[in-house]
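Please keep the structure open beside the text as you read.

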Amino acid sequence: MRLDKYLQVSRLVKRRTLAKEMCVRGQVTVNGGVAKAARDVAVGDVIALDFGWRVLEVEVTALPAGVGTKGRELYRIVRVERKDPGL
């Protein structure tokens with residue numbers, strides 16, 4: 001499954017277009033490397049999302065099997081780091 005689609009289906013990011021934009025800006029890494037939106041996601045991959053005010057790191061535990069799959073069942077939170085907004 002494509003990374004941008006996985007982020008949307010798992011509800012980590014609201015819209016697929018937003019997930020794609022985050023990938024283009026370098027805000028998404030998979031297993032430590034900057035990832036493109038078309039990259040395939042596999043079980044066991046570690047995805048880090050930089051939202052600007054926090055970094056969320058999750059491990060992929062499952063890929064969606066169908067329409068009824070709940071987003072929270074697809075990943076396990078590894079780390080959440082809050083950033084200082086610098087105001």
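## Charged pairs

Arginine 39 and aspartate 45 join their side chains in a salt bridge of 3.4 Å, N to O; a salt bridge here is a side-chain nitrogen of Lys or Arg within 4 Å of a carboxyl oxygen of Asp or Glu. The model is predicted, so local features need pLDDT of at least 70 and side-chain atom pairs count only at pLDDT 80 or more, while totals for chains, interfaces and linings use all residues. Residues are numbered from 1 along each chain as its sequence is written, and side-chain values use heavy atoms, with hydrogens and water left out.

How many salt bridges does a search of the whole structure find? The search finds 7. Three of them are set out below.

| Salt bridge | N to O distance |
|---|---|
| Arginine 39 and aspartate 45 | 3.4 Å |
| Aspartate 50 and lysine 83 | 3.0 Å |
| Arginine 76 and glutamate 59 | 2.4 Å |

For accessibility, buried means under 20% relative accessible area, exposed over 50%, and partly exposed in between (1.4 Å probe, protein chains only). Aspartate 45 is buried at 10%, whereas arginine 39 is partly exposed at 31%. Aspartate 50 sits in strand β3 and lysine 83 in the segment after β5, so this pair ties together parts that are 33 residues apart in sequence. Aspartate 50 is partly exposed, with a relative accessible area of 25%, and lysine 83 is partly exposed at 31%. Helices (H or I, at least four residues) and strands (E, at least two) are DSSP runs, numbered from the N terminus.

Arginine 76 in strand β5 and glutamate 59 in strand β4 are 17 residues apart, and their pair links distant parts of the chain. Arginine 76 is partly exposed at 44%, as is glutamate 59 at 23%. Salt bridges with shared partners also join Arg2, Asp4 and Arg16 into one network.

## Aspartate 4

Is aspartate 4 buried or exposed? Aspartate 4 is buried, with a relative accessible area of 2%. Beyond four places in sequence, aspartate 4 touches Arg16, Ala19, Lys20 and Ala37, where contact means heavy atoms within 4.5 Å.

## Paired strands

Strand β4 (residues 54-60) has 5 of its 7 residues buried. Strand β3 (residues 46-50) pairs with β4 in the antiparallel sense over 5 bridges; two strands pair if DSSP finds at least two bridges between them. Valine 46 has glutamate 59 as its bridge partner in β4. The hairpin of β3 and β4 has 3 residues between the strands, and glycine 52 there takes a positive phi near 100°. Strand β5 (residues 75-82) runs antiparallel to β4, joined to β4 by 7 bridges, and in β5 glutamate 81 is the bridge partner of valine 55.

## The core

The largest nonpolar core has 21 residues, and Leu3, Tyr6, Leu7, Leu12, Val28, Ile47 and Leu49 touch the most other members. Such a core is a set of buried Ala, Val, Leu, Ile, Met, Phe, Trp, Tyr and Cys residues joined through side-chain atoms within 4.5 Å. At least two residues of this core come from each of α1, α2, β1 (28-30), β3 and β4. Helix α1 gives the largest share, 4 residues. Leaving out residues up to four places away, leucine 7 touches Leu12, Val13, Ala19, Val28, Ile47 and Leu49. Valine 13 lies in the loop between α1 and α2 (16-24) and is buried at 3%.
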